[in-house]
Amino acid sequence: EPFVADEYIERLAWRTPGGGSRGGEAFDPKRLLEEFVNHIQELQVMDERIQRKVEKLEQQCQKEAKEFAKKVQELQKSNQVAFQHFQELDEHISYVATKVCHLGDQLEGVNTPRQRAVEAQKLMKYFNEFLDGELKSDVFTNSEKIKEAADIIQKLHLIAQELPFDRFSEVKSKIASKYHDLECQLIQEFTSAQRRGEISRMREVAAVLLHFKGYSHCVDVYIKQCQEGAFLRNDVFEDAAILCQRVNKQVGEVFSNPETVLAKLIQNIFEVKLQSFVKDQLEEHRKSDAEQYLKNLYDLYTRTTNLSSKLMEFNLGTDKQTFLSKLIKSIFTSYLENYIEVEIGYLKSRSAMILQRYYDSKNHQKRSIGTGGIQDLKERIRQRTNLPLGPSIDTHGETFLSQEVVVNLLQETKQAFERCHRLSDPSDLPKNAFRIFSMLVDFLCTEHIDYALETGLAGIPSSDSKNANLYFLDVVHQANTIFHLFDKQFNDHLMPLISSSPKLSECLQKKKDIIEQMEVKLDMGIDTLNCMIGQMKHILAAEQKKTDFKPEDENNVLIQYTNACVKVCGYVRKQVEKIRNSMDGKNVDTVLMELGVRFHRLIYEHLQQYSYSCMGGMLAICDVAEYRKCAKDFKIALVLQLFDTLHALCNLLVVAPDNLKQVCSGEQLANLDKNILHSFVQLRVDYRSARLARHFS
């Protein structure tokens, strides 16, 4: 612990008797002083003793430092001597090594010809045995030395190739025969080792056979035996993947060129197993069942490409992508060449059947419809003539549009797009997709939606028909829903196939033409509004009485608005709701604005057919107020403004003669033509009074 002088003195004083108040003892300064003096002397003595010890240790340390420095100098000298000796030794070793290498080269130069001479002598000895016709050497008679025999016979076979045939035909024949026998024995040995699962023996035999012509036959045997018992399940593709996975682990341990062997196995699987399987599956339905044929073709091609993707994980050489693509092409070329023709033929017959089955279920015989172009339709709508579709027909409330039919057609087309994407050549994909899209347009848009619109137009009753049912709005509603589904399939399934090709603009133009043609026909259905107005006229004619606005008893009118007003408003509200349900977007506002303007004109002209007493005028105002409430359902500012103005005009029927000019100059009536104001004032029963005429003039 660190030394603190104050604490040290305190402890010394505390231990000294009389040095403090401990135990009630009296304080004795003399005794304490004496103790301090003695203690100081002791400390001085101790200091001198420690100082002498320190000086002694310093002297000893200096002496040892000198000795250590001297020793380090001696070691440095020894190290320099040793380093010098090491350099001399290294130079000597380098010199000896150079001599040894030179000597080794000389020995090798002498030994190599000697070894070749010995080997040539052995080969001549073995050749003589073939020449004599008797094989005596142990290497040929001992079956355990087949490896050495194979090496010898392989070399003799090469030598025999250089010998003239006329002099050495017999020996060449014997060598060739032995070569063939040994080759067969090695292949048989390889086969037996493979069946026993002896990988090391297989590797050893394969290495020997590598220099023989029959090495490829050894690979063929290996591939054949690998497939024994490998295809026992129904899923040939999964079996093939499992087999290749297993062989991939083994082939590197057996052969020196594993990628070549594995590629040959895969080629054999594709060209034998898969091709046979695909042919059996497709030829069965190729001519009899187009639907099943296309499904099988798509399924088999997809499973084959999936298998190819799995095989891409293995080492098959440099360009495995091209290798596998060629194998797939070799299997499916004959089927893919005319795929799109089969697809279009099936789609056409299937779509026609779906439509015909629907119309048969409705007991409906399709009739021919107009085939005029868009300009012809526009001319018809411009002239607002009667539709040239023959006599009006009664559809009995049938729209001839079926969501089930549409879903079936779109589902068939969706599957066709998927098959087209998978089975078409990339260069032909946009063209094929456009053909499928054209089929969809023909059957869904033209044969189904367009036919329903034409039939609906032909079924629109004339404006003077009584109790007319306006089914065309139901046709519009369903056609709108269906076209949204058509547009969704266009974006989801067709666009990805043609987005980067010139066919994109062609498809967009075709879609635009279809939309425009349908919109023109829907616009022609505006004649439905005439029917609505006609229905309102019938209601007003049947329900509105002259006495409604000129009651016999002015003081006994109990109704708030007339019965005709109630029925017309109820009818209008139903039609507004129907229009909102049948259309969407800006079309709703456009049609409602047209209906609202016609509705206003009808009420305006209707009110001018009657004369109004004071109480009758009040009732007319109440009717118009109800009509105005009904107009609010349109949510069209112009329509509401028209009825606000009409309501203000009706005030002229009840206002006091003295206030007529003030009312006419009001905000809502100030901008109206005076003839309009005058026409309403003339409807008052008291108009002919001199006072009223004077005030208005």
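Modeller: The structure holds 22 salt bridges, each being a side-chain nitrogen of Lys or Arg within 4 Å of a carboxyl oxygen of Asp or Glu. This is a predicted model, in which local features need pLDDT of at least 70 and side-chain atom pairs count only at pLDDT 80 or more, while totals for chains, interfaces and linings use all residues. Residues are numbered from 1 along each chain as its sequence is written, and side-chain values use heavy atoms, with hydrogens and water left out.

Biologist: Which side chain meets Arg196 in a salt bridge at 2.9 Å, N to O?

Modeller: That partner is Glu198. Arg196 also meets Glu189, at 3.7 Å, N to O. Arg196 is partly exposed at 46% relative accessibility (buried means under 20% relative accessible area, exposed over 50%, partly exposed in between, with a 1.4 Å probe and protein chains only). Glu198 is likewise partly exposed, at 31%.

Biologist: How does one describe two packed helices?

Modeller: One gives the angle between their axes and the distance between the axes. Here the axes of H19 (residues 563–582) and H21 (residues 614–632) come within 10 Å and cross at roughly 5 degrees. Helices are DSSP runs (H or I, at least four residues), numbered from the N terminus; axes are lines fitted to C-alpha atoms over the stretch in contact, and angles run from 0 to 180 degrees between N-to-C directions. H19 and H21 are therefore roughly parallel to each other, the term for angles under 35 degrees.

Notes
Helix = DSSP H or I, 4+ residues; strand = E, 2+ residues; numbered from the N terminus. Parallel < 35°, antiparallel > 145°, perpendicular 65-115°, else oblique.
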